[in-house]
Amino acid sequence: MTTDTSAESTRKIVNRLKRAQGQLGALITAVENGNDCRAVITQLSAVSSALDRAGYAIVATAMKDCLNGEDDGDLSVDELEKLFLTLA
């Protein structure tokens with residue numbers, strides 16, 4: 001991932017993961033503090049969604065790189081499809 005587009009994609013993915021990390025910390029704190037069930041479930045949903053979006057972004061970036069001939073040859077189209085389906 002050395003192109004400017006790939007660097008931008010990587011930056012966005014890392015930002016999503018950091019956001020999920022912060023949400024996970026808030027979720028852990030909410031559980032430890034015995035917060036209301038609704039608040040805990042809402043935070044859990046936010047963490048799950050943030051991780052899903054990061055996962056989709058990772059697979060989408062790999063697919064774009066593959067289609068543009070910029071991949072490192074490690075993933076076949078079938079492997080990319082399997083990775084994508086694991087997130088569904």
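**Exercise 1. Overall architecture**

What percentage of the 88 residues in the protein is made up of buried residues? Describe also the order of the secondary-structure elements and the origin of the contacts.

*Solution.* The model is a predicted one, in which local features need pLDDT of at least 70 and side-chain atom pairs count only at pLDDT 80 or more, while totals for chains, interfaces and linings use all residues. Residues are numbered from 1 along each chain as its sequence is written, and side-chain values use heavy atoms, with hydrogens and water left out.

Step 1. Buried residues make up 18% of the 88 residues in the protein, where buried means under 20% relative accessible area, exposed means over 50%, and partly exposed lies in between (1.4 Å probe, protein chains only).

Step 2. The protein has three helices and zero strands, and along the sequence these follow the pattern α-α-α; helices (H or I, at least four residues) and strands (E, at least two) are DSSP runs, numbered from the N terminus.

Step 3. Among the contacts with a separation of 6 or more, 58% come from residues 24 or more positions apart, a contact being a pair with heavy atoms within 4.5 Å.

Step 4. The accessible surface of the protein comes to about 6,300 Å², and 56% of this belongs to carbon and sulfur atoms; the areas come from the Shrake-Rupley method with a 1.4 Å probe, and for residues only the protein chains shown count as cover.

**Exercise 2. The salt bridge**

Which residue forms a salt bridge with Arg-11, and where do the two partners lie?

*Solution.* Step 1. A salt bridge is a side-chain nitrogen of Lys or Arg within 4 Å of a carboxyl oxygen of Asp or Glu, and by this rule the count comes to one.

Step 1. Arg-11 forms a salt bridge with Glu-8, and the closest N and O atoms are 2.5 Å apart. Side chains of opposite charge can pair when their charged atoms come close.

Step 2. Because Arg-11 and Glu-8 are three residues apart in helix α1 (residues 4-32), they are separated by about one helical turn.

Step 3. Arg-11 is partly exposed at 41% relative accessibility, and Glu-8 is partly exposed at 33%.

**Exercise 3. Two surface patches**

Which residues gather in the patch of negative charge, and which form the nonpolar patch?

*Solution.* Step 1. Patches are made of residues with over 30% relative accessible area and no salt bridge, with like charges joined within 9 Å and nonpolar side chains (Val, Leu, Ile, Met, Phe, Trp, Tyr) within 5 Å. For the charges, Lys and Arg count as positive and Asp and Glu as negative, whereas His and the chain ends are not counted; the place of a charge is taken as NZ of Lys, CZ of Arg, CG of Asp or CD of Glu.

Step 1. Asp-74, Asp-78, Glu-79 and Glu-81 gather in the negative patch on the surface. Of these, Glu-79 lies in helix α3 (residues 77-87) and is partly exposed, with a relative accessible area of 37%.

Step 2. The nonpolar patch on the surface is formed by Tyr-56, Met-63, Phe-84 and Leu-85, which together have about 360 Å² of accessible area. Both α2 (37-67) and α3 supply at least two of its residues each; Phe-84 has its place in helix α3 and is partly exposed, with a relative accessible area of 37%.

**Exercise 4. Distances across the sequence**

Is Ala-50 buried or exposed, and which residues does it touch?

*Solution.* Step 1. Ala-50 is found in helix α2 and is buried, with a relative accessible area of 11%.

Step 1. Not counting residues up to four places away in sequence, Ala-50 touches Arg-16, Ala-20 and Gln-23. Ala-50 and Leu-17 are 33 residues apart in sequence, with 7.2 Å from C-alpha to C-alpha.

Step 2. Lys-18 lies in helix α1 and is exposed, with a relative accessible area of 53%; its C-alpha atom is separated by 9.9 Å from that of Ala-54, 36 residues apart along the chain.

Step 3. Thr-86, found in helix α3, counts as exposed at 60% relative accessibility, and Thr-86 and Gly-55 are 31 residues apart in sequence and 9.6 Å apart in space, C-alpha to C-alpha.
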